[in-house]
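Subject: Structure handover

Hi,

Here is the structure I promised to pass on. Please open it first, then read my notes below.

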Amino acid sequence: MKELKLIFVGFGIVGQGCAKHLIRTRQYLKEKFGLSYQVVAVTDTVKGSIQNNDQGIDLPKALQLAQQGRKLEGLGGKVGLTSIETIKTTNADIMIEATWTNLKDGEPGLSHIITALENEMDVVTSNKGPIALAFRKLLALAKSRERHLRFESTVMSGTPVFNLHEFGLTSAKVTSLKGILNGTTNYILTEMAAGKSYDDALKRARELGYAEADPSGDVDAYDPAAKITILANALMGADVKYADVAREGISGLTIDDIRKAAQDSKRIKLIASASKAENDELEASVRPTLLPDTEILAHVTGVMNALQISTDVQPDVTIMGPGAGGDSAGYGLFNDILAIHRMRIR
Ligand SMILES: NC(=O)c1ccc[n+]([C@@H]2O[C@H](COP(=O)([O-])OP(=O)(O)OC[C@H]3O[C@@H](n4cnc5c(N)ncnc54)[C@H](OP(=O)(O)O)[C@@H]3O)[C@@H](O)[C@H]2O)c1
């Protein structure tokens with residue numbers, strides 16, 4: 001039985017979510033897929049860095065310490081390395097990259113991924129920054145090194161978009177994409193449709209932990225712009241630049257706009273889309289859009305996400321599911337690890 005060696009880079013909510021799924025399924029993975037694994041390093045800015053290439057690291061213990069907000073360094077092995085030093089000196093087969101999303105230059109995730117690929121590791125990541133900003137470059141590097149690069153949870157968290165496309169829409173040409181890719185703004189719009197003002201809906205989203213103290217990544221649509229960039233490039237073979245996505249957020253919407261839409265049997269949703277224009281160029285955008293009540297996406301409420309994939313074979317395939325949450329995003333990483341294992345044993 002092959003033992004996969006794993007390294008966690010970034011052990012916050014999502015890294016820990018992935019650890020939970022690995023722990024939960026240890027026996028199942030052995031029985032069903034002949035897969036056993038050993039975690040050989042965990043590196044995180046606050047929780048510290050540990051590496052044990054020979055003995056491995058006790059993952060349940062590491063998870064417990066992280067959940068208690070304690071340092072991991074008492075677990076044994078080499079401590080104190082930087083994230084890059086840890087990646088360069090590990091004997092892991094797969095890096096699980098779950099550091100913060102930086103849509104300015106992709107760091108530190110971009111350097112983590114490049115270093116891992118250059119050191120002959122496969123990579124799974126939930127980090128939108130490197131994939132939105134440097135997809136072509138990273139894909140070329142992965143190909144040249146004959147490595148896998150998977151990023152299921154960068155879009156719609158653990159709801160399987162890329163795995164659905166790869167395994168369920170084989171050979172189909174994607175002609176357009178249209179979706180609700182940001183749960184926070186969809187929650188705010190749902191609350192406004194129920195009568196709340198924008199400010200009150202945003203306040204409630206903050207209280208529930210859906211919106212950050214600075215909500216601009218969501219309400220100004222930077223987050224869904226990154227996601228539609230990733231989708232267009234990965235599913236449509238495009239070369240869309242994140243900075244070129246036409247972007248309009250929801251902060252200018254008033255309760256009157258929402259009411260007027262309802263009077264016309266329509267709803268306003270923040271729609272991210274990508275399709276070919278008449279000149280054959282791919283256009284990607286995120287903007288508040290009036291949808292007739294008859295459209296499926298008009299009925300996606302709360303923090304739910306949904307994506308319609310149109311292809312030449314199957315006209316409209318719609319997938320809906322959670323778009324955030326550590327356990328959900330961790331599940332996307334977990335499924336990517338499993339997908340790599342299945343490809344390795346073919
Ligand atoms: N949470 C979700 O629902 C969700 C869903 C889908 C995708 N994602 C993406 O998944 C990634 C992780 O999200 P999260 O919610 O787990 O964030 P998080 O809880 O803030 O975890 C990120 C972790 O990475 C650590 N880190 C930062 N820089 C590092 C470095 N150079 N080396 C090693 N560790 C480093 C952070 O430490 P410090 O705290 O000390 O900086 C933190 O512990 C993000 O890119 C996010 O956009 C999140």
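In which loop is the place of Pro108? Pro108 sits in the loop between β5 and α5 (109-118). Helices (H or I, at least four residues) and strands (E, at least two) are DSSP runs, numbered from the N terminus. A cis peptide bond joins Glu107 to Pro108, with omega at about 5 degrees.

Some ground rules. This is a predicted model, where local features need pLDDT of at least 70, side-chain atom pairs count only at pLDDT 80 or more, and totals for chains, interfaces and linings use all residues. Residues are numbered from 1 along each chain as its sequence is written, and side-chain values use heavy atoms, with hydrogens and water left out.

Eight of the 10 residues of α5 are buried, so the helix is largely enclosed by the rest of the structure. Buried means under 20% relative accessible area, exposed over 50%, and partly exposed in between (1.4 Å probe, protein chains only). Among the buried residues of α5 are Gly109, His112 and Ile113. The buried residues of α5 pack against β1 (2-9), α4 (83-89), β5, β6 (122-125), α6 and β7. Glu120 follows α5 and has a positive phi, near 65 degrees.

Now look at Glu97. It belongs to strand β5 (residues 94-97). Glu97 is buried yet has no salt bridge. A salt bridge is a side-chain nitrogen of Lys or Arg within 4 Å of a carboxyl oxygen of Asp or Glu. The nearest side chain of opposite charge, Lys128, is 11 Å away. (Lys and Arg count as positive, Asp and Glu as negative; His and the chain ends are not counted.) The side chain of Glu97 does make a polar contact of 2.7 Å with that of His112. A polar contact is a pair of N or O atoms within 3.5 Å; within protein, one must be able to donate a hydrogen and the other to accept it, and residues adjacent in sequence count only if both atoms are side-chain atoms. Leaving aside neighbours within four places in sequence, the contacts of Glu97 (heavy atoms within 4.5 Å) include Val9, Gly109 and Ile113.

**Two positive phi values**

Glu146 has a positive phi of about 55 degrees, although it is not a glycine. Its loop runs between α6 (128-144) and β7 (149-150). Ala221 has a positive phi too, near 70 degrees. Ala221 lies in the loop between α10 and α11. Which of them is buried, and which is exposed? Glu146 is exposed, at 69% relative accessible area. Ala221 is buried, at 0%.

**Salt bridges**

The count comes to 19 salt bridges. Here are some of them.

- Lys20 and Asp327 meet at 3.0 Å, N to O. This pair links distant parts of the chain: Lys20 is in helix α1, Asp327 in helix α13, 307 residues apart.
- Arg136 pairs with Asp239, the closest N and O atoms being 4.0 Å apart. Arg136 is in helix α6 and Asp239 in the loop between α11 and β9 (246-247), 103 residues apart.
- Glu295 and Lys178 meet at 3.2 Å, N to O. Glu295 is in the loop between β11 (282-292) and β12, Lys178 in strand β8 (residues 174-180), 117 residues apart.

Lys20 is partly exposed, at 32% relative accessible area. Asp327 is partly exposed as well, at 39%.

Best wishes
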